[in-house]
Amino acid sequence: MPHATKAQERVVKKARVEPPTPKFSAQRVKGSPVPQKKAQPSAQPSVKGKEKATPPRKRKSANDSDTPTTLPSTFKVVVGSYERLLYGLEGSTSYVAETSELAFHLKPVFAFPAHVSCIKAVAASPHGGKWLATGSADEIIKVWDLRRRKEIGGLMHHEGSITHLDFPSRSHLLSASEDGTLCLFRARDWSVLRALRGHKGRVNSVAIHPSGKLALSVGKDRTLRMWDLMRGKGCASTKLGKEAEIVRWSSDGSLFVVQAASTFDIYTTDMVLIHTTQHPSRLQDVKFCKRVNGQGDVLLAGAENKKLSIYDISSDPEKPPKIVAEMTGHANRVKAVQTLSIALPAASSRTSTTIVCTVSSDGKVHIYDLASLPALPGESILEISPVAEYDTKGTRLTCVTLADGDGEGEGSGAVVQGKRKRANEDDEEAASDEEEWGDVDGEAGDGDSALEQEELEGELEEEAEEGE
């Protein structure tokens, strides 16, 4: 057995680690996993006091520090299910000279029972995809090293089912739970920097602004809350009058969508409602995505009608959202959707594209090429078929995440600022990212402003959260 790293040892101290599961298996798991005794939630030690004072410094946005100038040529797909199974796939593209067309490929890498209850959320760290986090109804967040395919440990800070996971940056994880709280974890040692409290009841969804410094959340209490992630506190909230299930930002952060049942509402950042749309069937997931052809965003809407509908979205209140295309092929409800921009083979006429990945209760994973959507809509609704498919043979899939693939010739490489990064540079980059978030674990009110208040608060009813 190799010796544990310092980071792994700190996980044990900070967040009671479950016994590691075996390394990922490439074979599909048959039957249900052997029941295990459910781990009891344990409270994380709170961070008290302020860290050593440092002189003011100019902060970079998450986009400045994290966005690579080179896109990945391969990708990873990780899918969770009701049956507690976690699936991992490797995706790639190739150019077929005979037909002058692109071919998309999905290859299974692992499948195993990751939790003792259904998996409800998965997230991979951006721009390199080293960390994978999975959340379950067993109230535990599992952390995995996706490159080495091994479990790091279990984070048991929440006292309710995990409902949402997201990485604001390579070095931080944000979680939400039915216990009404959000938690911000530091990936360096997986300690809790801040527990964000304000919702009275289950948190259904969280959306992190493209800057990485601000988040919106919706919950059972029928409120929309705004969180300043740099200061680690709530900064505003408003009553919605209905229980929203999903909230998502547009790619440029100028709009956000709130979904409830079969309806979605589009708001501007100053909380002006510009569109209310009734979808033909009950919605399961919605997501903004930047067009490959043309300008602006489209809204992807997965629903009970077995389709992923593509809406043309305008910031003009006089132009309501309109379905311009439908991604088809599933035999049951579309449960979740994710997107990722990738580089294409040199022989291709295109340099890049955006893939759309959907999972369904029919047990299938579909990949679509968003370049199939033209810049201008036609008179009829365009039907888009999947370019790649993987069948789990009936597993009821619940959630999906996409991550950058390993670099060619370098199994653990990642693309950063146009250069290939070695795996042993991760700790230095995490430390660099941590400096940008250094004030999060201070007392409420420390640190720089997340974003200009007048840009993002607008007409929201301000309810500054009191210090914990």
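Tutor: Let's start with a definition: helices (H or I, at least four residues) and strands (E, at least two) are DSSP runs, numbered from the N terminus. Here the chain has four helices and 31 strands. Keep in mind that this is a predicted model, where local features need pLDDT of at least 70 and side-chain atom pairs count only at pLDDT 80 or more, while totals for chains, interfaces and linings use all residues. Residues are numbered from 1 along each chain as its sequence is written, and side-chain values use heavy atoms, with hydrogens and water left out.

Student: How much of the chain is buried?

Tutor: "Buried" means under 20% relative accessible area, "exposed" means over 50%, and "partly exposed" is in between (1.4 Å probe, protein chains only). Of the 468 residues in the chain, 56% are buried.

Student: And which residues touch the most other members in the largest nonpolar core?

Tutor: The general idea is that in soluble globular proteins, nonpolar side chains tend to be buried together. A nonpolar core is a set of buried Ala, Val, Leu, Ile, Met, Phe, Trp, Tyr and Cys residues joined through side-chain atoms within 4.5 Å. The largest one here has 24 residues, and those touching the most other members are Phe75, Val77, Val79, Leu106, Ile355, Val365 and Ile367. Several strands each supply at least two residues, among them β1 (75-81), β2 (85-96) and β25 (352-360). Strand β3 gives the most, with four residues. There's also a second, separate core of 18 residues, including Trp131, Phe167, Trp190 and Ala195.

Student: What does Phe75 touch?

Tutor: A contact means heavy atoms within 4.5 Å. Leaving out residues up to four places away in sequence, Phe75 touches several residues, including Leu89, Leu106, Leu340, Ile355, Ile367 and Ala403.

Student: How many aromatic pairs are there?

Tutor: Rings of Phe, Tyr and Trp (its six-membered ring) pair if their centres lie within 6.5 Å; planes under 30 degrees apart are stacked, over 60 edge-to-face, and the rest tilted. That rule gives six aromatic pairs. In one of them, Phe110 and Phe112 sit 5.9 Å centre to centre with 55 degrees between the planes, a tilted pair. Both Phe110 and Phe112 are buried. In another, Trp131 and Trp190 have ring centres 5.4 Å apart and planes at 85 degrees, so that pair is edge-to-face.

Student: Where in the chain are Trp131 and Trp190?

Tutor: Trp131 is in strand β5 (residues 131-136) and Trp190 in the loop between β10 (181-186) and β11 (191-197), so the pair links distant parts of the chain, 59 residues apart. Trp131 counts as buried because its relative accessibility is 13%, and Trp190 counts as buried at 2%. As for clusters, Phe110, Phe112 and Trp144 form one.

Student: Is strand β6 buried or exposed?

Tutor: Five of the five residues of β6 (residues 141-145) are buried, so the strand is largely enclosed by the rest of the structure. Ile141, Val143 and Asp145 point one way from β6, Lys142 and Trp144 the other way.

Student: Which strands does β6 pair with?

Tutor: Two strands pair if DSSP finds at least two bridges between them. Five bridges join β5 to β6, and these strands run antiparallel; Leu132 stands opposite Trp144 in β6. On β7 (residues 150-155), β6 again pairs in the antiparallel sense over five bridges, with Asp145 opposite Lys150. The β6 and β7 hairpin has four residues between the strands, and Arg149 in the turn has a positive phi of about 55 degrees.
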